[in-house]
Amino acid sequence: MDQVFRRLGIVYFLTYGSLFGALRYGGPLPWDTDADVGVLKESIERYSLEQLQFEFKKYHVHVSLDVVKGTYHFRRGNVSSDGIIFKDLFHWKRRDASDGGWLRSLKYLIHLGFPARLVTLPLPQRKFGKAMVYVPHEGFEIMKYHFRGRWDTESTPANCRRIGLSYLHSFTAQLYDGGPRFKPESV
């Protein structure tokens, strides 16, 4: 993903649990099985879905778009990532879910917006497994907007297995390098 985004000039950054993992562990959360990235609408809307599919197909990555949720889905084998689209709104970035009705748009404005200053260019980079990826400015600050009232709490999902380190490294390799696949192992 990183190679294609950079080559096409698409601004992306880790967000949600993936950002928390990068800042806290230098990689995915031990129980996470996907990657969450934010993409800026103004940088990705220059390309049609078909153009993105063509570019990512070179890396064996399938791309789809959920217009209602404002999310691109990237999948390679059993590894996936969501590219959440954020657009400008009065110096705020908010999730682009305009086709989901006024109630969904209001929810995304209130709960998923954040100050645009957090994703102004150039973005800092952090280690995420074996890769260096873009992250928002000010570390955990964006988490205060995504997880209001509970942004600093790490919680393992119910009925969750921790994933072994070999899987974590292969996970990031698949998404960012096109590396080999490994199956999750218990820790």
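**Notes on salt bridges, ring pairs and backbone in a predicted model**

1. Six salt bridges are counted in the protein. A salt bridge here is a side-chain nitrogen of Lys or Arg within 4 Å of a carboxyl oxygen of Asp or Glu. Side chains of opposite charge can pair when their charged atoms come close. The structure is a predicted model, in which local features need pLDDT of at least 70 and side-chain atom pairs count only at pLDDT 80 or more, while totals for chains, interfaces and linings use all residues. Residues are numbered from 1 along each chain as its sequence is written, and side-chain values use heavy atoms, with hydrogens and water left out.

2. The overall make-up comes next. The protein has seven helices and nine strands. Both are DSSP runs numbered from the N terminus: helices are H or I with at least four residues, and strands are E with at least two. The protein has 187 residues, and 48% of them count as buried. Buried means under 20% relative accessible area, exposed means over 50%, and partly exposed lies in between (1.4 Å probe, protein chains only).

3. Two totals describe the whole protein. Its accessible surface comes to about 9600 Å², and carbon and sulfur atoms hold 55% of this. Accessible areas come from the Shrake-Rupley method with a 1.4 Å probe, and for residues only the protein chains shown count as cover. Of the contacts with a separation of 6 or more, 60% are between residues 24 or more positions apart. A contact means heavy atoms within 4.5 Å.

4. One of the salt bridges is formed by the side chains of R7 and E55, with an N to O distance of 2.8 Å. R7 belongs to helix 1 (residues 2-8) and E55 to helix 4 (residues 49-57), so this pair ties together parts that are 48 residues apart in sequence. The two partners can be compared by their accessibility. R7 is partly exposed at 45% relative accessible area, whereas E55 counts as buried at 14%.

5. Another salt bridge joins the side chains of R117 and E138, at 3.1 Å from N to O. R117 sits in the loop between strand 7 and strand 8, and E138 in the loop between strand 9 and helix 6, so the bridge ties together parts 21 residues apart in sequence. R117 is partly exposed, at 41% relative accessible area. E138 is also partly exposed, at 45%.

6. R117 has a further partner: its side chain meets that of E141 in a salt bridge of 4.0 Å, N to O. E141 is in the loop between strand 9 and helix 6 and R117 in the loop between strand 7 and strand 8, so these parts, 24 residues apart in sequence, are tied together. E141 counts as buried, with 16% relative accessibility. Through shared partners, salt bridges join R117, E138, E141 and K144 into one network.

7. The aromatic rings give 10 pairs. F13 is in strand 1 (residues 12-14) and F114 in strand 7 (residues 114-115), so the pair ties together parts that are 101 residues apart in sequence. F13 is buried, at 0% relative accessible area, and F114 is buried with a value of 0%.

8. The rule for ring pairs is as follows. Rings of Phe, Tyr and Trp (its six-membered ring) pair if their centres lie within 6.5 Å; planes under 30 degrees apart count as stacked, over 60 as edge-to-face, and the rest as tilted. Elsewhere, ring pairs link F5, Y12, F56, Y72, F74 and Y134 into a cluster.

9. The peptide bond between L121 and P122 is cis, with omega about -5°. P122 is in the loop between strand 7 and strand 8 (125-128). Y16 is not a glycine but has a positive phi of about 50°. Y16 is found in helix 2 (residues 16-25) and counts as buried at 11% relative accessibility. E138, from the salt-bridge network, has a positive phi near 70° and is likewise a residue other than glycine.

10. Helix 2 also holds S18. S18 is buried, at 1% relative accessible area. Which residues does S18 contact, leaving aside its neighbours within four places in sequence? They are D32, D34, A35, D36 and F128.
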